Amino acid sequence: MSAWVLPDHIADVLPSEARHIEELRRQLLDTARSYGYELVMPPLIEHLESLLSGTGEALDLQTFKLVDQLSGRSMGLRADTTPQVARIDAHLLNREGVARLCYCGPVLHARPDGPNATREPLQFGAEIYGHAGREADLEALELALATLRAADVRDALVDLADVRIVRALLAGAQAPRDVLERVHAALAAKDASTLAELTRGFPAPVRDALRVLPELYGDRQVLDEAERVLAAFPDALSAVAGLRWLSAQLAELGTTRVSFDLADLQGYAYYSGARFAIYADGANDSLARGGRYDEVGAVFGRNRPAVGFSLDVRSLVAVVPRPPLRAAIRAPWSDTDAGLRNAIAALRAGGETVVCVLPGHESEIDEFHCDRTLNCVGGRWEVQAI
């Protein structure tokens, strides 16, 4: 095998895409800052027990593991940044009130999430710690939509769910853990026949509600039907009421494309309340995912309310319009003309991009749109349109 062949699902990012990724990264972080979020930069590698504390088996399988040559301890390359931010909130910041934190950096996956997915996503995320009310849920969702708008994603579809609905139903089932796990799988797959078989011995109200749950997906009318089906489960009704409030708030903000899937169990073991996924035309999967995960800091000794979202900037680049090339000035190269050098330095100091044409390369192209040139006019160097 050639030495320059990269591993599967690992790729170099070439200038055109790299420029787009970097511009998006800056836009996303600037948007988060406008909402009051502070940037943190957790390390790419940590002791394994810290990196995987409380995250579950799924993240464990996605994490590359190695041995620290200094200490001999097991280390991991992060596959998700959220547990690290929870550790920062719990032990380094240790604030009593609300903490708003954001981040943007690479993560590494042992396995790709899909056939065409990279194993090295550039993960952007934002999280609120310290507020248990639904106001924080709304802010996280509003910020997620704002960041996508900043990336030029229009007419996004927000899909809402709440893991407390299924938990409220299964609380009365009193079934073995392996059966409950199979029920989760059947609900996620909307496998009605398997679900009917698994719930045959459940109490009638639980059984009947679970069997209807996979059908509760669609527009806001789903919530009306859910209130009827779940009338015997107060905690589930409370979760439905929260989803109705969120959708009403989104409508007030101008986001009218909202759907519901009350049997959606993605991240069931991770989330503790309302969760959301945001889709857009042209994307094969969701562009952003998030929700409430109040238990994320428990393993660090500080169980604070938490809600947030994350997205992969590299996946986002693939579905948003490519920005125009950056305007630039083309200038001749000289090692003797001090006036030329001073003119170029002044233009760059003023924020302009100046591309010096090296001798013999006058006909080459680059990643910039050189719409002006630096010419000597009457002994002075002046910028002129091409």
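The questions below concern a predicted model.

Student: How are helix α6 and helix α11 oriented to each other?
Tutor: The axes of α6 (residues 163-170) and α11 (residues 234-252) come within 8 Å, crossing at roughly 170°. Angles over 145 degrees count as roughly antiparallel. The orientation of α6 and α11 is therefore roughly antiparallel.

Student: How many residues of the contact of α6 with α11 are charged?
Tutor: From α6, Arg-164, Ile-165 and Ala-168 take part, and they meet Asp-235, Ala-236, Ala-239, Val-240 and Leu-243 of α11. This contact includes 6 nonpolar residues and no polar ones. The number of charged residues is 2.

Student: Which residue in β16 is the bridge partner of Arg-372?
Tutor: Strands β15 (residues 368-377) and β16 (residues 380-385) run antiparallel and are joined by 6 bridges. They form a hairpin with 2 residues between them, and Gly-378 in the turn has a positive phi of about 60°. In β16, Arg-372 is bridged to Ala-385.

Student: Is Cys-370 buried or exposed?
Tutor: Cys-356 has a relative accessibility of 25% and counts as partly exposed. Buried means under 20% relative accessible area. The relative accessible area of Cys-370 is 13%, so Cys-370 is buried.

Technical notes
Residues are numbered from 1 along each chain as its sequence is written. This is a predicted model: local features need pLDDT of at least 70, side-chain atom pairs count only at pLDDT 80 or more; totals for chains, interfaces and linings use all residues. Side-chain values use heavy atoms; hydrogens and water are left out. Axes are lines fitted to C-alpha atoms, for helices over the stretch in contact, and angles run from 0 to 180 degrees between N-to-C directions. Helices (H or I, at least four residues) and strands (E, at least two) are DSSP runs, numbered from the N terminus. Angles under 35 degrees count as roughly parallel, over 145 as roughly antiparallel, 65 to 115 as roughly perpendicular and the rest as oblique. Contact means heavy atoms within 4.5 Å. Ala, Val, Leu, Ile, Met, Phe, Trp, Tyr, Cys and Pro count as nonpolar, Asp, Glu, Lys and Arg as charged, and the others, Gly among them, as polar. Two strands pair if DSSP finds at least two bridges between them. Buried means under 20% relative accessible area, exposed over 50%, partly exposed in between (1.4 Å probe, protein chains only).
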